[in-house]
Amino acid sequence: MGEKALRVLVCGDVEGRIGVLFNRVKTIQKKSGEFDMLLCVGKFFGCSPEAQAEWEEYKTGAKKAPIQTYILGATDQESLKFFPDEDGCELAEKIIYLGRKGLFTAVSGFQVAYLSGRESCQEPAPAYCFTPKDVEALMAPLLSSQYKGIDVLLTSEWPKGIARYGNSPGFDCHSHGSVSVANIAQMLKPRYHFAGLEGTYYERLPYRNHMVLRDTTEHVTRFIALASVNNSSKKKYLYAFSITPMKNINPEDLLKQPQDVTENPYKTFGKDGHKGKAAIQAEVDSSPQFFFDLSKQRKRHSKDEKPCHLNKPKRPPQPMGPCWFCLASPEVEKHLVVSIGTHCYMAVAKGSLTPNHVLILPIGHYQSVVDLASEVIEELEEYKSAVKKLFKSQGSRCIMFERNYRSQHLQLQIAQPGTPYFFVELDTGEKLFHRISKSFPLQFGREVLASESILNIPCHTDWRECRYTREEEETLVRNFRDSFKPYDFTLLK
């Protein structure tokens, strides 16, 4: 548990600039101390006469690497000649080719899984490509009932869909990446995943390897793509970090969840590469969008803008019958709508208890919070935060509740999907959860709030007894919209 952490350097595509890389490593080690190893992803060798001449100097021993260096294999036909043994070998002193695929265990039990080359769906595949059989051969020996994860995953290619739920890499990566690499990352659960080949630096927000409230908490994964050595844009190509091997780390430290952690970007991928590809393609193509004018307060894409489709949510389940809360439904009373986001909207409650009584609802048809996709939950939380700020500015208290019992559509909100429950969240941060096992009063939330000890309006327990004319409802909406406007994040999008 108290073992010293390893100090590791990781590099992107070297492309034959071996001397430049090692000079940079020497500078870093002189300034920051010795590192235990250097891991290289992407394309290592260059095919120019100058690059090949420089490699010969290392190969013959005229020049030596300043650090134990581990590299991945060929990513194109030209590079194959540099790799004499597909199972891995020492290419020069301190420069080790790991092989096409496998598991490397270093000092202190530090484990690195690796997959060289580009994805190919054809058999036989070019020698610089991997196939679904290679993927299966890599994962089969690792996965077992006792498997918890791995320290590092090295791949030449990016995983498909990596930007989903995360920060943008700075370009439209929708058509980039490998589905098989995404499946590997999902199954192996590396603490760090490094890749190259895209010529850019991208450090994605860490993502979970479990579903909140459904699975046991697991460690997070950090995906980092590195640019090519000595690139003209001066993008980061060398990454340094310290790591205590998973087998030696304190479990509490391993399972810590960072504040900026996101949902797993691969959860729609299947175990089979083709199946996963179809799953994400269906998700991209079938997502519904709803646009309403609402006095032109929603920003729309111009005809020249091309919105990124990769982060569109999965199509929500469809209602079994008429739903008063689905925004696309003819039953919904749209004059009550206050604000519309990308995934959620806010409306004044029908038969509201107070002028500030509102509902926060998903645009699509969902029964409860546990059924929501992470991007919907994220926007739901934005609405909740904005409402809390509004009420605080008015010196008012904010109480939020959800009833997942005899209801079709989520109205705000924790349990396994389909489980009946009642949930309350206070502005102090306290949360109350009750699992409903038998009968439960449908108006319980209103009964409590309308009681003499809180709002003292017991006659308003039933929303149907709180009758407003259409004109009065429109006035309530207009007034709340005006007061909410300074906090309405949708107006800034």
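User: In this predicted model, how many of the six residues of strand β1 are buried?
Analyst: Strand β1 spans residues 6-11 and is mostly covered. A residue counts as buried when its relative accessible area is under 20%. Of the six residues in β1, the number that are buried is five.

User: Which residue of β2 stands opposite V8?
Analyst: β1 pairs with strand β14 (residues 238-243) in the antiparallel sense over six bridges, and there L6 stands opposite I243. β1 is also joined by four bridges to strand β2 (residues 37-40), and these two run parallel. In β2, the residue opposite V8 is M37.

User: Which strands are the edges of the open six-stranded sheet?
Analyst: The sheet has mixed pairing and the order β6-β7-β10-β11-β13-β12. An edge strand here pairs on one side only, which holds for β6 (101-105) and β12 (202-203).

User: What is the bridge partner of L154 in β11?
Analyst: Strand β10 covers residues 150-155 and runs parallel to β11, residues 190-195, with four bridges joining them. Helix α4 (residues 179-188) lies across β7, β10 and β11, at about 175° to β10. The partner of L154 in β11 is F194.

Technical notes. Residues are numbered from 1 along each chain as its sequence is written. This is a predicted model: local features need pLDDT of at least 70, side-chain atom pairs count only at pLDDT 80 or more; totals for chains, interfaces and linings use all residues. Side-chain values use heavy atoms; hydrogens and water are left out. Two strands pair if DSSP finds at least two bridges between them. Contact means heavy atoms within 4.5 Å. Axes are lines fitted to C-alpha atoms, for helices over the stretch in contact, and angles run from 0 to 180 degrees between N-to-C directions. Buried means under 20% relative accessible area, exposed over 50%, partly exposed in between (1.4 Å probe, protein chains only).
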